[in-house]
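User: I am new to this structure. Please show me how to read its main features.

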Amino acid sequence: MGHLDLIRIADRLRGLRDCRDHEKIGEILGELADACLERFGLEEVRMMGSRYPDADKHVQDHNVFFADFTKIAFLYETGDIDLTDDILGTLTRWRAWHGQREDSRLARHLEAHAA
Ligand SMILES: [Fe+2]
C-alpha cells in the first residue's frame, strides 16, 4: 500500500462530498483507516531497520493523526459531524504537512541508507 493508494482512497471520499450515503462513506473511512495502519506500519519498520534519527517524532505524528482520524470517523458514524468539514480538512492538512514534508524526508533517508 503506497501513498498513491491512500490518495486514491481519499479522493474517492472527496468525490462523495455532497453524497448522503452514510454507509458508503463509512465503508471508505474503514478502508482509509486500514490503509493508514498498513502504510504507517511499513514506514515504521523501515525507520527502525535503517536507524532513522527522527523515528520517534515521525511515529508520534502517525499516532496523533490516527487518533484524530479515528475520533473524527467515530463522530461521523454517530452523525455528530459532516463529512466535508472535519474529515476532508484533516486529510488535506495531513497530506500537505506530513506526506510532503516528513515522508519525503524519510524517503531520502531510506534512499541514502539502502543496502
Ligand atoms: Fe509517515
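User: Which residues make up the largest nonpolar core?

Analyst: A nonpolar core is a set of buried Ala, Val, Leu, Ile, Met, Phe, Trp, Tyr and Cys residues joined through C-beta atoms within 7 Å. Buried means 20 or more other C-beta atoms within 10 Å of the residue's own; exposed means 12 or fewer, and partly exposed lies in between, with C-beta atoms placed from the backbone. Here the largest core has 10 residues: Leu 6, Ile 9, Leu 13, Ile 25, Leu 29, Ile 72, Ala 73, Leu 83, Ile 87 and Leu 91. Helices are DSSP runs (H or I, at least four residues), numbered from the N terminus.

This is a predicted model: local features need pLDDT of at least 70, side-chain atom pairs count only at pLDDT 80 or more, and totals for chains, interfaces and linings use all residues. Residues are numbered from 1 along each chain as its sequence is written.

User: Why is Leu 83 called buried?

Analyst: Because 20 other C-beta atoms lie within 10 Å of Leu 83. Leu 83 sits in α4.

User: What is Leu 83 in contact with, beyond neighbours within four places in sequence?

Analyst: Contact means C-beta atoms, placed from the backbone, within 7 Å. Leu 83 touches Arg 17, Ile 25, Tyr 76 and Leu 88. The C-alpha atoms of Leu 83 and Ile 25 are 8.4 Å apart, across 58 residues of chain.

User: Which residues of α2 are buried?

Analyst: Ile 25, Leu 29 and Glu 43. After α2 comes Arg 51, with a positive phi near 50°.

How values were computed
Helices (H or I, at least four residues) and strands (E, at least two) are DSSP runs, numbered from the N terminus. Two residues are in contact if their C-beta atoms, placed from the backbone, lie within 7 Å.
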